[in-house]
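Welcome! Please work through the exercises below with the model open beside you, and try each task before you read its solution.

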Amino acid sequence: MQLKELAQTLVVSRLIGDGSTNITGLQIDSRQIQQGDLFICITGQVSDGHDYAATAVQKGAVALVVERILDLNVPQLLVENARDAMAALACHYYGYPTTDMKVIGVTGTNGKTTTTNIIEHILRYNHKQTGLMGTIQMKIGNEYTVMERTTMESVQLQHAFSQMRDVHTDYCMMEVSSHALDMNRVKGIRFRTAVFTNLTQDHLDYHVTMDNYHQAKNLLFSRMDNTYYADENKRQYAVLNADDPAYKLFKKSTAAQVITYGIDNECDVRASKISITSQGTEFTVTTFAGEAHIQMKLVGKFNVYNTLGAIAAALLEGIELSEIKNSLKEINVIEGRMEVVDGKQDFLVLVDYAHTPDGLRNALSTISEFAEGRIITVFGNGGDRDRTKRPIMGMVAAEYSDYIYVTSDNPRTEDPSAILQDIVPGLVEAGYETDKYELIVDRQVAINKAIAEAGPKDVILIAGKGHETYQIIGKVKHDFDDRLIAKSALEARGLL
Ligand SMILES: CC(=O)N[C@H]1[C@@H](OP(=O)(O)OP(=O)(O)OC[C@H]2O[C@@H](n3ccc(=O)[nH]c3=O)[C@H](O)[C@@H]2O)O[C@H](CO)[C@@H](O)[C@@H]1O[C@H](C)C(=O)N[C@@H](C)C(=O)N[C@H](CCC(=O)O)C(=O)O
Ligand SMILES: Nc1ncnc2c1ncn2[C@@H]1O[C@H](COP(=O)(O)OP(=O)(O)OP(=O)(O)O)[C@@H](O)[C@H]1O
Ligand SMILES: N[C@H](CCC[C@H](N)C(=O)O)C(=O)O
Ligand SMILES: [Mg+2]
């Protein structure tokens, strides 16, 4: 594609140099440049992409998108904000792929991965060609790729959507993180449906206040343009959790049709008669399309919420409630979400991705509903992330646990033992006795100890890392999988 064609998508940009230059790719990272790329210089928080433009040109970039003219002998497209411009350029370059499929976006502090996976399961079960993008993996056709980020940059997203279009994808279910909304990574995506799960504390390192965080989430809903299309396939929907007060802002600011779900408040898709065991969950769902009794292997009240959001989204696609019910019966536990580590033991070992105060509370309160023995919690907090959630998670753990191993999550560039120390004030504030917890920096040692000392009917919750197969210490990613470590600890006791 010629540079001038891309430039035309941005009315107020200024093109300096030869507009007929042929562009064969878009790239934001100088380390990944290929011959013929247009290098987009992003002014970031850590580095400035403009500083890497010369290297990018040396490596084969044939033109630049810049926020200030650089002294380099290649055509340059001058824009006010490169990240913003990038979303428009990416949509055009890849031929607006999200207008050729239905994209169902899910946002919220917790439950995005779970909800997207449930919707994907229902639609695939009902013979739709599906795609998936999120924390664990991306699915294009039948190919799965492990992901680094929950929501990628716009160039990567639009590229992935174009690949999905190539394999005739009907629906893409995607997680939409607040970072992505705030940084315009998802600008230009046409969402068929946007689902809101919940809003609780996380990411205050980035958003600083809960109000900013709420406003970032709101961008998903406020950018939905219009619901009044004659063509049913073009209508847009907002599926909102009516039990979370944050939904009111989204309801007010969206032009999409609003469908609410919940348990406690009056709403359009509502669950009642909920029964939870360690094996699964049952409930009755009352919807605008009838009533059904749902049985599934996912456990916990929070998974009832995730499922309600998914049921609403699927009903909007014309899937019969009876078919939704059948497909939910078949759904398996989502990787790293209340995942049971099985052996011959007479206690339960669960690996869960709870890494926020609300996530941990939900995981532990669910366990407390069926635990017959002690509840033993192994958890920590990620480094270089929201520090204010650490003592709160300590308080939550103290509220439900009989014993706690405070340990490392992904320390990243922080001092691991200092992170553990940040959790302790929460335990103290909760009045938790000092002989009921210990601090063990090495997560493997903590997991081994928890399993070595477990007794009959105890439940061990290993929280925070879920599906992750690594641990980031400093800047190094080490192999680490809570489930494999738990298994080897069981083996050491002769219980595998
Ligand atoms: C806070 C945040 O999200 N930052 C992301 C953002 O960083 P930034 O804008 O500050 O960019 P930067 O790192 O300063 O770099 C500026 C530019 O220089 C370029 N560069 C840099 C170095 C170089 O050698 N060559 C080069 O070209 C970079 O590619 C970039 O284009 O853009 C970068 C490029 O895409 C991301 O790597 C970076 O992710 C950081 C590492 C990160 O950890 N992000 C997490 C918090 C995140 O996004 N999480 C959410 C999920 C949260 C959730 O829901 O739980 C997610 O969607 O994954
Ligand atoms: N609806 C929910 N409400 C509260 N907690 C939940 C909910 N769903 C899941 N959780 C808890 O949060 C953890 C993470 O769930 P999930 O991976 O689905 O969330 P996410 O929003 O995708 O997280 P991330 O922001 O890391 O992508 C689960 O392991 C569980 O403990
Ligand atoms: N998407 C979340 C994941 C946190 C997972 C936890 N294991 C950690 O490393 O803090 C984040 O980037 O904040
Ligand atoms: Mg996720």
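**Exercise 1. The overall layout**

Into which domains is the protein divided? Then describe its build and its dimensions.

Solution. Keep in mind from the start that this is a predicted model.
- Step 1: Begin with the domains. They are domain 1 (3-86), domain 2 (97-330) and domain 3 (339-492).
- Step 2: Turn to the secondary structure. The protein holds 16 helices and 24 strands.
- Step 3: Check how compact the protein is. Its radius of gyration is 24 Å, close to the 23 Å that the globule rule gives for 496 residues, so the protein is as compact as a globular protein of that length.
- Step 4: Look along the principal axes. The C-alpha trace spans about 75 × 55 × 40 Å.

**Exercise 2. Where domain 1 meets domain 2**

Find how far apart the C-alpha centres of domain 1 and domain 2 lie, and describe their contact.

Solution.
- Step 1: The two C-alpha centres are 34 Å apart.
- Step 2: Domain 1 brings 5 residues to the contact, and domain 2 brings 5 residues as well.
- Step 3: On the side of domain 1 that touches domain 2, helix H3 (residues 82-93) has the largest share, with 3 residues.
- Step 4: Sort that side of domain 1 by class. You get 3 nonpolar, no polar and 2 charged residues.

**Exercise 3. The place of ligand 1**

Why does ligand 1 lie between two domains?

Solution.
- Step 1: Start with the neighbours. There are 19 residues around ligand 1, and Gly 44, Gln 45, Val 46, Arg 149 and Ser 177 come nearest.
- Step 2: Now see which domains supply the shell. Both domain 1 (3-86) and domain 2 (97-330) give residues to it, so ligand 1 lies between them.
- Step 3: By class, this shell has 6 nonpolar, 9 polar and 4 charged residues.

**Exercise 4. The shell of ligand 2**

Which helices each supply at least two residues of the shell around ligand 2?

Solution.
- Step 1: Ligand 2 is surrounded by 23 residues, with Gly 111, Lys 112, Thr 113, Thr 114 and Gly 359 the closest.
- Step 2: The helices are H4, H10 (301-315) and H12 (357-370). Of the contributors, H12 gives the most, with 4 residues.
- Step 3: Return to the domains. Domain 2 (97-330) and domain 3 (339-492) each provide at least three residues of the shell.
- Step 4: The classes are 5 nonpolar, 13 polar and 5 charged.

**Exercise 5. A pair of helices**

Describe how helix H4 (residues 112-125) passes helix H11 (residues 321-330).

Solution.
- Step 1: The two axes come within 9 Å and cross at roughly 115°.
- Step 2: The crossing is right-handed.
- Step 3: From H4, His 121, Ile 122 and Tyr 125 meet Ile 324, Ser 327 and Glu 330 of H11.
- Step 4: By class, this contact has 3 nonpolar, 2 polar and 1 charged residues.

**Exercise 6. Ligand 3**

Which residues surround ligand 3, and how do they divide by class?

Solution.
- Step 1: The shell is made of Thr 150, His 355, Gly 382, Arg 385, Asp 409, Asn 410, Gly 464, Lys 465 and Glu 468.
- Step 2: Sorted by class, the shell around ligand 3 has no nonpolar, 5 polar and 4 charged residues.

How values were computed
Residues numbered from 1 in each chain as written. Chains lettered and ligands numbered in written order. Predicted model: local features only at pLDDT ≥ 70, side-chain atom pairs only at ≥ 80, totals over all residues. Near = placed C-beta within 6 Å. Nonpolar A, V, L, I, M, F, W, Y, C, P; charged D, E, K, R; others polar. Domains from an automatic or database assignment. Axes fitted to C-alpha atoms, helices over the stretch in contact; angles between N-to-C directions. Left-handed = near helix turned anticlockwise from the far one by under 90°. Contact = placed C-beta atoms within 7 Å. Rg over C-alpha atoms; globule rule 2.2 N^0.38 Å.
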